[in-house]
Amino acid sequence: NLLKRYSGRAHLDHAVSDQIRIGINLNPSRTDNYRVYTENAVASAFTYAALYYPNVPARNADGSVNLSVAPNKNAQFNGTPLSNVEGIDFKSTLTQLVSQGTLQWNIFQNLVFDTKLGVELWQLTEKFKRGSKTTDGFPDGNAFSSNDQYVNYNLNSTLQYTGQVGDHKYSILGGFDVQRSQNTTFSAFARGFPSDLLKNIS
């Protein structure tokens with residue numbers, strides 16, 4: 001397995017004038033996960049290893065994967081635990097961006113307008129290729145690719161007035177909140193690859 005993570009953070013706060021102040025926050029991140037297939041299925045090397053013959057060498061003398069079950073007579077499933085490790089490429093990439101822009105406007109001494117716009121972007125892509133010598137990829141390989149995108153917008157605005165009458169202080173607050181979300185998903189599956197060297201669906 002191989003896991004790579006990248007993240008950053010940026011913050012900007014600026015006074016445009018005595019009455020107006022703006023700000024922005026950005027938090028991007030990305031995670032690349034190259035992993036072994038671990039689902040509860042025979043295609044998972046860990047599951048298959050618990051079922052496989054214990055008296056069969058994993059490799060041949062030349063270092064290649066041993067696909068024979070000798071001295072046993074019948075194969076339990078296609079492929080071997082080792083061919084499922086070396087013949088399956090699985091990568092998932094998660095990309096996120098959490099951002100927020102702010103505006104504060106002191107319209108008058110006692111009247112303040114405040115607004116915040118938040119945007120969240122989320123994308124998950126997954127790609128895996130099963131070679132022709134793996135359990136689920138036999139006999140000519142197959143591949144799967146998916147892209148899941150999520151966008152969320154949130155706008156919050158308020159207008160506040162504060163005042164005082166004699167010894168009594170008061171505050172009047174009004175505002176609104178708007179939220180919108182959108183989710184888009186795409187996936188594709190292919191089989192019949194002429195070579196295990198081909199990894200992507202084109």
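**Rings, charges and strands**

K129 lies over the face of F193, 4.4 Å from the ring centre. The model is predicted. R35 makes a contact of this kind too: its charged end sits over the ring of F90, at 4.0 Å from the centre. Aromatic pairs and strand pairing follow.

**Aromatic pairs**

- The count of aromatic pairs comes to six, with ring centres within 6.5 Å as the rule.
- Y48 and Y52 are edge-to-face, because their planes meet at 85°, and over 60 degrees counts as edge-to-face. Their ring centres are 5.3 Å apart.
- Both Y48 and Y52 are buried.
- Y161 and Y170 form a tilted pair, with 6.3 Å between the centres and 45° between the planes.
- Y161 has 34% relative accessibility, so it counts as partly exposed. Y170 is also partly exposed, at 34%.
- One aromatic cluster is formed by Y48, Y52, Y53 and F77.

**Strand pairing**

- Strand β5 covers residues 111-130, and strand β6 covers residues 142-165. They pair in the antiparallel sense over 20 bridges.
- R130 stands opposite N142 in β6.
- Strand β7 spans residues 168-191. β6 and β7 run antiparallel and are joined by 24 bridges.
- A143 has A190 in β7 as its bridge partner.

**The turn**

- β6 and β7 form a hairpin, with two residues between them.
- G166 lies in that turn and has a positive phi of about 65°.

Note on methods. Residues are numbered from 1 along each chain as its sequence is written. This is a predicted model: local features need pLDDT of at least 70, side-chain atom pairs count only at pLDDT 80 or more; totals for chains, interfaces and linings use all residues. Side-chain values use heavy atoms; hydrogens and water are left out. Rings of Phe, Tyr and Trp (its six-membered ring) pair if their centres lie within 6.5 Å; planes under 30 degrees apart count as stacked, over 60 as edge-to-face and the rest as tilted. Buried means under 20% relative accessible area, exposed over 50%, partly exposed in between (1.4 Å probe, protein chains only). A charge sits over a ring if NZ of Lys or CZ of Arg is within 6 Å of the ring centre and within 35 degrees of the ring normal. Two strands pair if DSSP finds at least two bridges between them. Helices (H or I, at least four residues) and strands (E, at least two) are DSSP runs, numbered from the N terminus.
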